[in-house]
Each structure stands twice: as structure tokens, then as C-alpha cells.
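Hi everyone, thanks for coming.

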Amino acid sequence: MMIFNELYGVYYNTVSKIIKAAVNKKISSDEMRTIIEKYAYSESLLTIEPALKEKRWQLLRADGTTPIKNPPATPLTDLQKRWLKAVSLDSRIKLFECDFDFLEDVEPLFTEEDYYIFDKYSDGDDFEDAEYIKNFRKILEAIKLRQPLRIKMTNRKGSFSEECVIPEHLEYSEKDDKFRLIASGNRFCRTINLGRIISCEYASDNIPESGISHDSSAEKCVTLTLSDSRNTLERAMLHFSHFRKEAVRMDENNYRLRINYSKDDETELVIRILSFGPTVKVTEPESFVNLIKDRLKKQQSCGLF
Amino acid sequence: MAYNELIKNFERIRSYMREFYVYGFKSREEYTVKSTRSYDDERRRVESWLGDCMSFHRTPDGKNMFISIDSRVSRHNPLYKALKSKSFTDGDITLHFIIFDILLPNGEAKTLHEITDSIDKNYLSSFSAPRFYDESTVRKKLAEYVKEGIIKTEKKGKTVFYRRAEDTELNCPDVLDFYSEAAPCGVIGSFLLDRTEEHEDHFAFKHHYITQALDSEILCSLFSAMHNKNEVEISNLNRKSEAPVTIRLVPLNIFISVQNGRQYLLGYIRSNRRIRSFRLDYILKVKELGAADDFDTLREKLTGMHKHIWGVSTQGGSERTEHVEFTVHYDPGEEFIYKRLVREKRCGTVEKLDENSCRFTAEVYDSNEMIPWIRTFIGRITDISFSNKEAELRFKNDIRNMYDLYDLNEE
């Protein structure tokens, strides 16, 4: 069972699409190129087209027909089935309406006993709660139908509110173990934690398209300098790797890292930078430097020393 | 050898991609592990696979390539593309599509001779210079597919018959969109997505460490070994030595961090009777060995140790633990600080001292592992105590050094 196997490769997949287009009819060079450009890598045109045309891969005749009689399809491999079986045992699977009966006799590739996420927050969503599942499914359906939703929820202080939004997509955080609905059409309500939703239903409100704003995450930038002691370079680069970022070496032991982040995540980023201690320093912008300084000044007044 | 977009071995490109993605500041000359020609080829491949995600900056030392991806925006992990680049021969791909056209769904099983004959007569004869596949080549390919589970065999007398495995499909793209990013070995979900019809996906991911994709093969091998309760031999790099070291161990669990992007194997080493952690991105190879009869007992032992493990450090499973406690203060209306401590406490405990302060305590194998987390409460820590006095001193000195760093020396 190998993951790195040509059976799962881009080339096999692309050629499969080409053959599918050529079964029972001729495929033109243009059609073939369109498929390659869509499904393969950016330089694949240089390989796949000549290999088929020069008959090194004897799957297309000179006239653009194929000796293959049926649209290509391969059964699922054991690896694919075992991964699906593992997924079918995951606690979040009940959110989806999906039938896994065909995997009855299959051994899972892994179970929840085989791995442990040690730094996930403990107040994640209750994915097995019937109301939560109902809301999740309703929201997912509304996203697909692009149907406005009227959502009743509790806020952080525990009071109730009701908002009408256009659901855009669901965002999952592995760290928080929570889903959020990213919405538009309501400038006061762009992100809704699913765990706070009491109920949701299709709204008859006609939310004007002009009210839809996709600018839910105004991007900001912070610049850090890292000194490579205590393996900081490796730790910081990996830690911040999920952001769009750019690193430059300044001298033998010092590096500059620019991180693009969403304004909504600023507080979180402040404490993540603090976690590196004195080996990481914020240099720009001044406003971010002040956020760090404020925390440190507050610490000075805590009487720790 | 002429440049080929596809590769036979994933290991070399794995390290290049990690360098481009995680670091991204090295110049061409610094990639000294292989020749500069090798660097040029690998860079060209990654550019071809990842297109828009590749950028470069010019420095006096030359052009430095890097991969920059906002994983919150990118709905599917672009690094999966690298795992779809396995090379093959001209004969392999031709044979693949013909075999599955001969062995149809619900079609009758066929002998090796019938398949080989059909390849010749029904498929290749229409080419002016047809390829020739002898029975041995076809048998080998069929055997490969039997191993992957996509072809089944049955024996009638002495004759082996081949038939296509049952066609099943998961008709639920939402599940694949979600789990291809959220489940271990998610790249397999991406392989399954490649088989589905085009559809719009509706999930985005925050705090999403996509670099783990590069370790999928290693992770998959370890899952397989744990499932079979087998020992393994790993070829492992460490920061102290250039050359990989071979270690025999019983793989017990995979510890995954969703806050720093690392994955670890926790395994028992018989030779020194210790449970140790190994970073997956430092493991180059996994070889499955024979059965570990005490697998269940060892795993139970590790589970019992969870109450003292903050991150992955086990101190080998010794009895010795270190005590850590600290107090934080919060203002009225900042009750969320208490809640934050409670949700992030892992194996520790949190106790409310009064309306505006609470205390965290833990008994851990390695208090050094906790320090980065404790620093996230800077601004609120009124008291701190470690039984490991060296760690406590380091923590306090670091705070003083941070004051210096930002010119906040106390007068």
C-alpha cells in the first residue's frame, strides 16, 4: 500500500479524462490540450501530448480515436477504502449524510486510538448533538443554494440575537475544533460560531446584492526579526507557516519574517509571538510593536520579580 | 539524464519542498546536498506543480525561491500535487487503461492468456508499430494490481482467473472536501476527489498546517504497522548528525500538534526500555518488521502517561515529574481569561482563587515544554513556580530580556 503511486498520479488522471473524451468519437488536439491544461501540471503539455501523438502511449490512434471502448474507471484501491473506513469512524462524520455500508468488511487505516491531537482546545463543538447536526446540514444546504438564512444565536455574554445573512462557506479550525459560518450581506455579522447557533431557517428577506461584502478579513502585515538561538528559526517558520509569509536572512544568525494576517486574528497573533520569548522581536508596524509593549508593561506591574 | 516532470523517489523533493515552504530564504548555492543541476530540476518541478504559489526574491546572493500559501484561503492543500507525480514507463500507462477496459465491471473473470491475447488483438493491433507485452509482463502488472486491491484472483483447478474488484464509490463530495484536509493522510481523500465530478467546495480551514502532507507516506506506513501491531525500523535524521540513524522500535501512537504543525511518532525502544518521540518530518523511511506481542501493554502504558505529558516529552517514561504552577490576574469583565486557561490546560488543573485570579498547576515530565504556552499569559502572571529551578530561572530571565528587547527596563 503506497501513497506515492502512479495510480493516483496527475498523469493517469489526465489521460483518463482524455480517453473518456475520445471514447466513441475523435478528440482534437485542442480538446486534448484543454484537458491537459486543466488537470495536469503547468509543464505537462510538453510530455503528455507528444507521448500520445507519437504512440509511446498506445491509447490514441492518429485520427484521434481510442481503442479503449469504455470510459476509463478503476475500482477503489484498498488504501482508499481503508482511509474512507477510518473517516467513517470519525466523530464529525455524523454532520454529513453519507452511506458507508459498502465498507462493512474493510479495516480502517487508522482509528482515533492511533493518533492524539495533544494541543487541541477542550471546548470544541459537540459534533454529535442533534441540534448542532441539524443546523450544520441546514447551513451547508443554504450555502449550496445560496439561500439567505435567519439565524438565532447567543453571543459571548450569553444574550440572544437574530441576524439575517447570506452564508458563504464553513470554516473549520483544527486548533479550536470548531466550525464557523463565514457570511456576507450583514456587516455586523460576518463570522458565526456554529456552536452558538440556537436555530436557523431560510429567510424570506431579500438581501440586496450590493450589501454583500466579501471583505471579512482585511489583511494586515507584521514584521519580525528572529535570532536563531534555541532552534527559533525552525520553530517560528513552521509555527507561522500557515500564513502567507516571506523570510529573508539578514546576517549569519538573524532573519526577517513578514507575515500577512487577518485583522480579526491580531490578538491571537500577539500572544503567539509572545510565546517565542526574547528570540523574536516585532519591528513593524509601530502599532503592533505597541501591542507587545503594552503586554510587557502590564507584566512589569504584576510584581513577578 | 533528461529532465522529467515526474519523479521516481519522493524523498529528495520532500526536503526541497519543505525548504521552499517552511524557510524560503536560501539561495541556489546553499542547496549543497545535491548538485546545482539537481536544485534546478527540483525547483522547476515544484514550479510546474505549484505554479502560482511559488515566488522569489532577489538578494545579493541571487534569486531565492519560496512557496507562500495562505492556508485559510486555499481550499485544498496544494502540496498534495507533489504526491501525484510518481513516474511510470510508457508500457505501464498503456497496459493500465487496456487492462481495465478488458476487465469490465461485472464482467467475467479472464485468464492471463486471454488478457494478453486481447491486448494484442483488440487494442494494439490498430497501431502501425504495436507494443508487445509478453505474458510475464502482464502477469507482473496484474500482480501489482492484486496487491493494491483493484483486481481479484480466483483459482479454478490450476488456472488463475483475474477479475476487476467490485466498483464502489463514495457519492459524497462534501465528506471528501472536508476530510481531505482535516483527517490524517488527507492526501488519500484528495486522490478520491480527483475521481469525482467537478463541484463547488464549501469548506475553508483555519490554523491549517499543510506541510504535514509531505509526511503522508511515513504516516501511512506507521498506521499500517500499528494496525498490524508490528515493530518497525525507522531511518531517522536528527539535528546532531548529518547521516540518518536506524532505530528499531514499537510504534505506539502518533501525536499531532495543531498549534505548531509538527507530527510525532511515540514509540518504545526495547534496547533502552524507553518510550521516545520522533518527529515525522525527520523520518526518512519506515520498514515494517515482525509482531510486537506486547503492543497492547505498551500502548496502555503510554496512555497512562498522558496525564504527565504536556507536548511529546516523556522522559522515557520514568516516574520523575516536575511541578509547575502559576497565577494569573484578570480585570472585571475579563472572565474569558479563566475560560481560556480551562480550555487550554491539557493535563493541568485550573483553580479560581477569587473573582479576578486563578491558578494553574500541573505535574509534567518536562516543564520546559510548557514555557512557550505560559508566555502567552504575559501581562497577567502574578506568581510562578517550577520545581525545575533551572526552567524557572530561564523563564524569568527571558521575561527580563524581553523588557530589554523593547527598551522597557524597570527603573
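Let's start in the middle of things: which residues have the most contacts inside the largest nonpolar core? They're A:Ile139 and B:Leu222, and that core has 171 residues. Before we go further, keep in mind that this is a predicted model. As a bit of background, nonpolar side chains in soluble globular proteins tend to be buried together.

Okay, let's zoom in on A:Ile139. If we skip its neighbours within four places in sequence, A:Ile139 touches A:Leu149, A:Pro167, A:Leu170, A:Leu181 and A:Cys200. Now, where does chain A get divided? Its domain 1 is 1-74, domain 2 is 130-211 and domain 3 is 219-299.

On to chain B. Here the assignment gives four pieces: domain 1 (11-68), domain 2 (71-208), domain 3 (223-305) and domain 4 (322-405). Between the C-alpha centres of domain 2 of chain B and domain 3 of chain B you've got 31 Å. As for secondary structure, chain B has 12 helices and 15 strands.

What about the overall shape? The C-alpha atoms of chain B fill a box of roughly 90 × 60 × 45 Å along the principal axes. Chain B has a radius of gyration of 27 Å, while a compact globule of 411 residues would be near 22 Å. Of those 411 residues in chain B, 39% count as buried.

Methods: Residues are numbered from 1 along each chain as its sequence is written. Chains are lettered from A and ligands numbered from 1 in the order in which they are written. This is a predicted model: local features need pLDDT of at least 70, side-chain atom pairs count only at pLDDT 80 or more; totals for chains, interfaces and linings use all residues. Domain bounds come from an automatic or database domain assignment. A nonpolar core is a set of buried Ala, Val, Leu, Ile, Met, Phe, Trp, Tyr and Cys residues joined through C-beta atoms within 7 Å. A residue is buried if 20 or more other C-beta atoms lie within 10 Å of its own, exposed if 12 or fewer, and partly exposed in between; C-beta atoms are placed from the backbone. Two residues are in contact if their C-beta atoms, placed from the backbone, lie within 7 Å. Helices (H or I, at least four residues) and strands (E, at least two) are DSSP runs, numbered from the N terminus. The radius of gyration is taken over C-alpha atoms; the globule rule is 2.2 Å times the number of residues to the power 0.38.
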